[in-house]
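Subject: Structure handover

Hi,

Here is the structure I said I would pass on. Please have a look before reading my notes below.

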Amino acid sequence: MSLLTLSFDNGPDPHVTPRVLDILASHRITAQFFVLGKHLVTDEGKRLVARARDEGHVVGNHSFTHAIPLGEDTRPDAVEAEIAATDALVAPLVPTPKWFRPFGGGGKLGPHLLSPRAVEHLRQHQYTCVLWNSVPGDWLDPKGWPEKALADCAAQAHTLMVLHDIPDACLEGLDGFLHRAKALGMRFTTRSPPECLPIVDGHIARDITGLVAGT
Ligand SMILES: [Zn+2]
């Protein structure tokens with residue numbers, strides 16, 4: 001039996017996220033949503049986070065601007081501007097636990113993802129840091145990504161897949177992909193494979209060398 005955890009990054013988007021939520025509901029699947037602070041300054045953005053929460057999804061912090069990866073961001077207040085400013089918008093809607101997903105490099109893991117200050121902030125505030133082990137490239141190939149996604153699912157026991165609830169990404173192929181994944185016997189969960197969680201509730205859970213600038 002293979003497990004699949006779906007995660008949707010870079011939203012919420014007023015046109016795409018409601019349709020993603022509808023499709024997930026029609027399949028009775030819950031997932032993870034890693035949202036951007038810049039999309040939560042509107043009432044619509046906040047309503048979409050509340051809807052995802054109420055429908056049983058996990059909601060986490062994916063930075064405010066999604067502009068410069070934290071490991072490459074030289075601003076002295078980068079952690080406050082990206083992680084804390086987003087948390088100020090997420091926490092009133094989804095209090096705990098705190099989830100954070102770094103970004104950068106088109107999904108490649110590397111020292112661009114985190115800075116030492118970011119790691120310290122995540123530890124101090126009891127975050128769980130959520131990485132991934134599948135990036136089928138929905139934003140690069142909105143029609144073709146399901147083939148890559150199914151190949152990833154077949155290759156590992158527990159796939160944590162990065163998709164995007166933004167325009168011109170996963171939406172068009174999502175329903176068909178879910179039917180095919182179910183037909184192959186995939187089981188869905190919102191839990192993450194342990195190897196994708198380098199920090200758990202503020203504790204370093206595995207070697208983070210290679211994920212932090214300067215390491
Ligand atoms: Zn992202």
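My notes follow, starting with the metal site.

This is a predicted model, so local features need pLDDT of at least 70, side-chain atom pairs count only at pLDDT 80 or more, and totals for chains, interfaces and linings use all residues. Residues are numbered from 1 along each chain as its sequence is written, and side-chain values use heavy atoms, with hydrogens and water left out.

**Zinc site**

The zinc ion has three protein donors: Asn10 (OD1), His62 (NE2) and His66 (NE2), lying 2.1 to 2.2 Å from it. Donors are N, O and S atoms within 2.8 Å of the metal (3.2 Å for Na, K and Ca); water is not among the atoms, so sites may look incomplete. The sequence spacing of the donor residues is N-x51-H-x3-H. Asparagine 10 and histidine 66 link distant parts of the chain, 56 residues apart. Asparagine 10 sits in the loop between β1 (3–9) and α1 (17–26), histidine 66 in the loop between β3 (58–61) and α3 (78–90). Helices (H or I, at least four residues) and strands (E, at least two) are DSSP runs, numbered from the N terminus.

Asparagine 10 is buried at 13% relative accessibility, whereas histidine 66 is partly exposed at 25%. Buried means under 20% relative accessible area, exposed over 50%, partly exposed in between (1.4 Å probe, protein chains only).

**Backbone points**

Asparagine 10 has a positive phi, near 80°. In that loop between β1 and α1 there is also proline 12, joined to glycine 11 by a cis peptide bond with omega about 0°. A cis bond also joins threonine 96 and proline 97, with omega about -10°. Proline 97 lies in the loop between α3 and β4. Serine 63, in the loop between β3 and α3, has a positive phi near 85°. Serine 63 is buried, with a relative accessible area of 1%.

**Largest pocket**

The largest pocket has a volume of about 180 Å³. Of its 16 lining residues, the closest to the centre are His66, Gly104, Gly106, Gly107 and His164. His66 is also one of the zinc donors. On a 1 Å grid over the protein atoms alone, a pocket is an open set of points where a 1.4 Å probe fits, with protein on both sides within 12 Å along at least five of seven lines; lining residues have an atom within 4 Å of a point. Grid points are joined across faces, edges and corners, and the volume is the space filled by probe spheres set on the points.

In α4 (residues 116–124), Ala118, Val119, His121 and Leu122 are buried. Seen down the axis, the buried residues fall within an arc of 160°, so they line one face of the helix. That arc is taken from the directions from the helix axis to the C-beta atoms. The face turned away carries the exposed residues Pro116 and Gln124. The buried residues of α4 pack against α3, β4 (98–100), β5 (127–129), β8 (199–200) and β9 (203–204). Contact means heavy atoms within 4.5 Å.

Threonine 128 is in β5. This threonine is buried at 4% relative accessible area.

Best wishes
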